[in-house]
Amino acid sequence: MLEHTIEIRYGEYSSPEELSAADRELAYAAIEAIKGSYAPYSRFNVGAAVRLKDGGIVRGANQENAAFPSGLCAERTAMFSASATHPGVAMTSIAIAASQEGKLCSSPATPCGACRQVMAQYQLLAGEDMSVLLVGDGKILKFSKVDDLLPLIFDNI
Ligand code: THU
């Protein structure tokens, strides 16, 4: 039996000012995107912003529905919108921010498993790492690639 260890690395920042200019812009875009959230059931408002290889930014926000499973997370709303409106353009980064009762959450929202899987596929399609910024109030986590959120990514088909 071989025992393997997987190491996961991420950076922690205490303010958007500590980020690079491009990451700061994306973090603020994710916060801004929260305005598009429709979350009457959970009242958990999430915004996401995807950076495209050509420099553009595509925003998304969570959309809920009375038939609960029909809703969609902010991350997938943003990524699917980016892919649908900019087909073939690589996604190089995604930022996520969440708020409750109009206040940015201090604890950064971490993407669900389904969103991580979708990130993994667009990263594979891009052929380069997609970084992930989880933006909280006074705490920002940066993962330089999706693998650090989803090790042993499924890409066998
Ligand atoms: N949600 C997101 O949009 N992204 C996340 O990373 C976590 C959860 C949404 C789904 C649902 O509308 C609400 O937040 C509560 O789970």
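Is Glu 128 buried, exposed or partly exposed? Select Glu 128: this residue is partly exposed, at a relative accessible area of 30% (buried means under 20%, exposed over 50%, partly exposed in between, with a 1.4 Å probe and protein chains only).

The model is predicted: local features need pLDDT of at least 70, side-chain atom pairs count only at pLDDT 80 or more, and totals for chains, interfaces and linings use all residues. Residues are numbered from 1 along each chain as its sequence is written, and side-chain values use heavy atoms, with hydrogens and water left out.

Lys 53 counts as exposed, at 54% relative accessibility.

Then select Lys 142 and Asp 23, another salt bridge, with the closest N and O atoms 2.7 Å apart. Lys 142 is partly exposed at 22%, whereas Asp 23 is buried at 10%.

Among the surrounding residues are Ser 42, Phe 44, Val 46 and Thr 110. Zoom in on Asn 62: one of its polar side-chain atoms lies 2.9 Å from a ligand oxygen atom. At Glu 75, a polar side-chain atom lies 2.5 Å from an oxygen atom of the ligand. Taken alone, the ligand exposes 370 Å², of which the protein buries 76% (accessible areas by the Shrake-Rupley method with a 1.4 Å probe; for residues, only the protein chains shown count as cover).

Notes:
A residue is near a molecule or strand if one of its heavy atoms lies within 4 Å of it. A polar contact is a pair of N or O atoms within 3.5 Å; within protein, one must be able to donate a hydrogen and the other to accept it, and residues adjacent in sequence count only if both atoms are side-chain atoms. A salt bridge is a side-chain nitrogen of Lys or Arg within 4 Å of a carboxyl oxygen of Asp or Glu.
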